[in-house]
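Colleague: I have a chain to go through with you. Can you put it on screen?

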Amino acid sequence: MELRQIQKEIAKCGADGWLLVDYENHNPALVSLLGEGKMLTRKILLFIPKEGLPTLIAHVIDTVFLRDEYIQKNFHLSPYKTWQQMLKEEAELLKPYGKILMDISENGLLPRVSLADSGSVDYVRSLGLEVFSSADILQSLSAVLTKEQALSQDDACRKALKIKDEAFAFLKKEILEKGESDELDVQRFIGKRFEEEGMVYDELPIVAIGPNASDPHYGPSEAKHSKIKEGDLVLIDMWAKNKEPKSVYADITWMAYVGKEVPEVYAKRFSIVKAARDGVIAFLKEELPKRKVQAYEADDVARKIISDAGYGEYFLHRVGHNIADDDSPHGPGANLDNYESHDFRELLEGTSFSDEPGIYAPDFGVRSETDLRIENRRLLVVGGLQDEIIPLLKD
């Protein structure tokens, strides 16, 4: 996002400016705005007013890295030598203003937003300014997908859905030929197929039979894995993206039963999870074209459906996470969450997120996961939808 667009967003928020604080390049938003590769070693402040030239308050030692043409054109550089001088310059800079955005979140519940330290925030407030969260501007910088990124996600989802089918076919073949398979073997099969399709991932997928799936983050390993036999319920959670730079993840979860007919106890519980997943989709399709939707609202929809069915205590995580250009499928934007945190951020145009309610009772776990994206204020389902548990051995 360009600086002028950021200033428009600041004005839309009803604020006078956005103050970013950093030390040794730990604030990704500030780094992206100044440009990569600058070796900044002292505290630096960037103030972007809603109109006019942004100001950089930086130590004189670091200014050698801040004299390129881009910085000189787009920022006023205000060097300091001592900490007293830094605070004085900050106070003078902010004196004309009343409402400031900073990288904070209520009660520190959004770690990828809460980048401003409490001392820096307290000092700004001591100057008589009101401080509000920059959360939505931050996600507009880091989580909104370009057209090319959206296409990369679509392609990754198509590949993931195909590999999902191949994984269940592999499992069926193993059962029919050998009488059993193994979580680890299926996991390795999926990882190999991702690599053959030119995809990358941060970790191998989750393959879990019923009781193992009661742990949402269980994953088979050399030290711990289970055989898969007839009569087992199997959950596969898989995520990967194309290897090209700036690509976006597909992240899906599907389930199968190793038998000809899915037992009612499994089918019934899965139907509850499906209803919660589809409830989120229906809610967003209805509300997004009409109004600003805050991310936590979608979590409330799914959680109510599962709680009303009597399984609320076994829904152990948020209903969905942001998906963007990131090392993992968990992106920096708004999560569908009113459980682990209260995510008040808006579900922005051009962002993507998972929709993955689950029930993790002690006897077995179930989850259904798809990927959603907002385009033209309408919801797209890009990760496929599972309607029922797959009876793997059905003719």
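Colleague: Which residue in β2 is the bridge partner of Leu20?

Modeller: Leu46 is the bridge partner of Leu20 in β2. Keep in mind that this is a predicted model, in which local features need pLDDT of at least 70, side-chain atom pairs count only at pLDDT 80 or more, and totals for chains, interfaces and linings use all residues. Residues are numbered from 1 along each chain as its sequence is written, and side-chain values use heavy atoms, with hydrogens and water left out.

Colleague: How many bridges join β1 to β2, and do they run parallel or antiparallel?

Modeller: Six bridges, and the two strands run antiparallel; β2 covers residues 44–49. Strands here are DSSP runs of E with at least two residues, helices are runs of H or I with at least four residues, and both are numbered from the N terminus. Two strands pair if DSSP finds at least two bridges between them.

Colleague: Which strand pairs with β1 in the parallel sense?

Modeller: That is β5, residues 99–102, over two bridges. Ile100 in β5 is the bridge partner of Gly17.

Colleague: Is β1 mostly covered or open?

Modeller: Mostly covered: β1 spans residues 17–22, and six of its six residues are buried. Buried means under 20% relative accessible area, exposed over 50%, and partly exposed in between, with a 1.4 Å probe and protein chains only.

Colleague: Which residues of β1 point which way?

Modeller: Gly17, Leu19 and Val21 point one way, Trp18, Leu20 and Asp22 the other, and all are buried. In a regular strand the side chains alternate between the two faces of the sheet.

Colleague: Changing topic. At what angle do α7 and α8 cross?

Modeller: Roughly 145°, with the axes of α7 (residues 147–178) and α8 (residues 183–196) coming within 10 Å. Axes are lines fitted to C-alpha atoms, for helices over the stretch in contact, and angles run from 0 to 180 degrees between N-to-C directions.

Colleague: Which residues of α7 and α8 meet there?

Modeller: From α7, the list includes Ile163, Phe170 and Leu171, and from α8 it includes Val186, Phe189 and Phe194. By class, the contact of α7 with α8 has nine nonpolar, no polar and five charged residues. Ala, Val, Leu, Ile, Met, Phe, Trp, Tyr, Cys and Pro count as nonpolar, Asp, Glu, Lys and Arg as charged, and the others, Gly among them, as polar. Contact means heavy atoms within 4.5 Å.

Colleague: Which strands does α7 lie across?

Modeller: β13, β14 and β17 (370–375), and α7 runs at about 155° to β17. Those strands sit in an open sheet of four, in the order β13-β14-β17-β18, with antiparallel pairing. The edge strands are β13 (322–323) and β18 (378–381), each pairing on one side only.

Colleague: What joins β13 to β14?

Modeller: Two bridges, and β14 covers residues 352–355. Ser352 in β14 is the bridge partner of Ile323.

Colleague: Where is Ala324 found?

Modeller: In the loop between β13 and β14. Ala324 has a relative accessible area of 0%, so Ala324 is buried. Leaving out residues up to four places away in sequence, Ala324 touches several residues, among them Ser142, Val248 and Pro332.

Colleague: Why does Asp299 count as buried?

Modeller: Because the relative accessibility of Asp299 is 0%. Asp299 lies in α10, residues 295–308. With residues up to four places away in sequence not counted, the residues Asp299 touches include Arg318, Leu336 and Tyr339.

Colleague: And how many helices and strands are in the protein chain?

Modeller: 10 helices and 19 strands. Buried residues make up 54% of the 395 residues in the protein chain.
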